[in-house]
Amino acid sequence: MSSSFKKEYFCDWLMINEGLIVDEDCLKESVDLLFQEELPIDLKDKKQAAFYHQASFQNNEHEWRMHVFLTEDTQEPLYFYVEKDRKRIEEKWFKEEDFHV
């Protein structure tokens, strides 16, 4: 899952769910490797580490942030959630078989 795919996914999500057409270049993003103690509680017991990708977009009215957690070895998506104005509005878990510690 390359960074450009994640940007594209977020742009698609914004278009489908919020009716916004956003160019990938308008997104801010960051990528980190988080270890077990830094992971959200939902992942702590399931993974030793995970890549964390965050992309955000802001217009004059709202701010959206997509948080994506990926396996550290294959970078397959594990879990994501989206916030609008700092309130969680959607989340999704991916394949349960990815959760082997």
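A: Let's start with burial: a residue is buried under 20% relative accessible area, exposed over 50%, and partly exposed in between (1.4 Å probe, protein chains only). The model here is predicted, so local features need pLDDT of at least 70 and side-chain atom pairs 80 or more, while totals for chains, interfaces and linings use all residues. Residues are numbered from 1 along each chain as its sequence is written, and side-chain values use heavy atoms, leaving out hydrogens and water.

Q: How many salt bridges does a search of the whole structure find?

A: Side chains of opposite charge can pair when their charged atoms come close. The cut-off is a Lys or Arg side-chain nitrogen within 4 Å of an Asp or Glu carboxyl oxygen. Searching the whole structure gives four. One of them joins E18 to K84, at 3.0 Å from N to O. That pair links distant parts of the chain, with E18 in helix 1 and K84 in strand 4 (residues 77-84), 66 residues apart. Helices (H or I, at least four residues) and strands (E, at least two) are DSSP runs, numbered from the N terminus.

Q: Is E18 buried or partly exposed?

A: E18 counts as partly exposed because its relative accessibility is 25%. K84 is partly exposed too, at 22%.

Q: Which residue forms a salt bridge with E29?

A: K7 does, with the closest N and O atoms 3.5 Å apart. E29 sits in strand 1 (residues 28-35) and K7 in helix 1, 22 residues apart, so this is another link between distant parts of the chain. E29 is partly exposed at 33%, whereas K7 is buried at 15%. R65 and E63 also form a salt bridge, with their closest N and O atoms 2.9 Å apart, and both residues are buried.

Q: In what order do the five strands stand in the sheet?

A: Two strands pair if DSSP finds at least two bridges between them. Here the order is 1-2-3-4-5, in an open sheet with antiparallel pairing. Strand 1 and strand 5 (87-93) are at the edges with a single partner each, so one side of each lacks a neighbour in the sheet. Strand 3 (residues 63-71) pairs with strand 4 over seven bridges, in the antiparallel sense. Within strand 4, P77 stands opposite L70.

Q: Is I16 buried or exposed?

A: I16 is exposed, because its relative accessible area is 66%. I16 belongs to helix 1 (residues 3-18).
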